[in-house]
Amino acid sequence: MCITIFQGCATTAKNSDQHLDPIDPLENVNRASYNFTDRVDRLLFEPIVNVYIDYVPSDAQRSIGNFYDNLSYPNVVLNSFLQGKVKQGAEDTLRFFVNSTVGMFGFFDMATHMGLKKNDEDFGQTLGVWGVNTGSYLFIPLLGPSSERDVTNIPVGLFTNVLFYTGLAVGTAFAAPLTILGAIDKRARLSGPMRIRDEAALDPYLFVREASLQQREFLIHDGKLPLDLYYDPFQDNPFEKESEKTKIKKEKKL
C-alpha cells in the first residue's frame, strides 16, 4: 500500500494536463465531490478520529478493526469463488467461520494464527479478472475513489455484510451506532496515508486518483503486475505466449 501511495505522489507531477487524460473525463464533477468530502472529513471526522486514536488503546483499535473486517468478509468469500479461486474461497470460508466463533465475532483474529491468510477481494476486482475495463474514474461523495467498474461493489458489499442483516433483524437503533463506529474505524486506518497526502502531494486530488487506480491494478493482479504496466519496453513480458515472443524477436532481426 505504501508503495502505491508514493507511486501516486510521483505520478502527480506528470499528469498536470488532465484535458488529455481519458481516464477522468468527469474531473470537474469528481473534484467537486472530492472537495466536499474533504471538507466534511476535516470538519467532522478528523476531530473525532483524532480523539479515537489518542484515547482508545491500540489493542482495542486492532480488535475493533478485526471485528469490522470479519463482518464484511463474506464479500471476500463470494468473490474468491467468483474469480475461480476455489482453494482460496474454501480457506476464506474457514477463516470467517473460525473468527466468528473461536475469535468471538471477529474481535480476535484467530484464523491468522492458524495459518489462514487474510485476503482482499471484491466485486470490482472480480469484474477486472473477468476482463471488464476500469471505465472512467469516479469519486463518490463521502465514500471515496472508485470507477465505473468498481462502483458495482457498493451494493454487493452491502448485501454481503453481516451488519446489514443485523440491522434488519434487530433494528437500526442497534445497527446505527455500529455503522458509525465502523466509519470511525475505517477513517482511523486511513490517517497515515492521508497525512502523507497532505504533506507530499502538490495536488491532493491527483494524488488520491493515481494512488487508488494503481492500488486497484495491484489487487486485481494479486500483486503480480504484468510487465507492460511498468511501461518498460526493454523487459520480456512473461504473460505473452511463446509464439508471440518468437514472432517479435524475428521482426526485430529483420
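Helices H9 and H10 are roughly antiparallel to each other, because an angle over 145 degrees counts as roughly antiparallel and their axes cross at roughly 150 degrees. This holds for a predicted model.

**Two helix pairs**

Two packed helices are described by the angle between their axes and the distance between the axes. The table gives these values for two pairs.

| Pair | Angle between axes | Distance between axes |
|---|---|---|
| H9 (residues 162-170) and H10 (residues 172-189) | roughly 150 degrees | within 7 Å |
| H2 (residues 27-55) and H11 (residues 191-200) | about 125 degrees | 12 Å |

In the contact of H9 with H10, Leu163, Thr166, Gly167 and Val170 of H9 meet Thr172, Phe174, Ala175, Leu178 and Thr179 of H10. Sorted by class, five of these residues are nonpolar, four are polar and none is charged.

The second pair is H2 and H11, which pack at about 125 degrees. These two helices are therefore oblique to each other, and their crossing is left-handed. On the H2 side, the contact is made by Tyr34, Asp38, Asp41, Arg42, Val49 and Ile53. H11 contributes Ser191, Met194, Arg197 and Asp198. This contact of H2 with H11 has five charged residues, four nonpolar ones and one polar one.

**The cavity**

The structure holds one cavity of 30 Å³ or more. The space in the largest cavity is about 80 Å³. Its lining consists of Asn66, Asp69, Asn70, Tyr73, Arg95, Asn99, Gly106, Asp109 and Lys118. Helix H3 (58-71) and helix H5 (86-101) are the elements that give two or more residues to this lining. The largest share, three residues, comes from H3. By class, the lining of the largest cavity has four polar, four charged and one nonpolar residue.

**A loop with positive phi values**

Methionine 104 lies in the loop between H5 and helix H6 (110-113). Although methionine 104 is not a glycine, its phi is positive, at about 55 degrees. Phenylalanine 105 is also in the loop between H5 and H6. The phi of phenylalanine 105 is near 65 degrees, again a positive value in a residue other than glycine.

Key:
Residues are numbered from 1 along each chain as its sequence is written. This is a predicted model: local features need pLDDT of at least 70, side-chain atom pairs count only at pLDDT 80 or more; totals for chains, interfaces and linings use all residues. Side-chain values use heavy atoms; hydrogens and water are left out. Axes are lines fitted to C-alpha atoms, for helices over the stretch in contact, and angles run from 0 to 180 degrees between N-to-C directions. Helices (H or I, at least four residues) and strands (E, at least two) are DSSP runs, numbered from the N terminus. Angles under 35 degrees count as roughly parallel, over 145 as roughly antiparallel, 65 to 115 as roughly perpendicular and the rest as oblique. A crossing is left-handed if the near helix is turned anticlockwise from the far one by less than a right angle, and right-handed if clockwise. Contact means heavy atoms within 4.5 Å. Ala, Val, Leu, Ile, Met, Phe, Trp, Tyr, Cys and Pro count as nonpolar, Asp, Glu, Lys and Arg as charged, and the others, Gly among them, as polar. On a 1 Å grid over the protein atoms alone, a cavity is a set of points where a 1.4 Å probe fits but cannot get out, and a pocket is an open set with protein on both sides within 12 Å along at least five of seven lines; lining residues have an atom within 4 Å of a point. Grid points are joined across faces, edges and corners, and a volume is the space filled by probe spheres set on the points.
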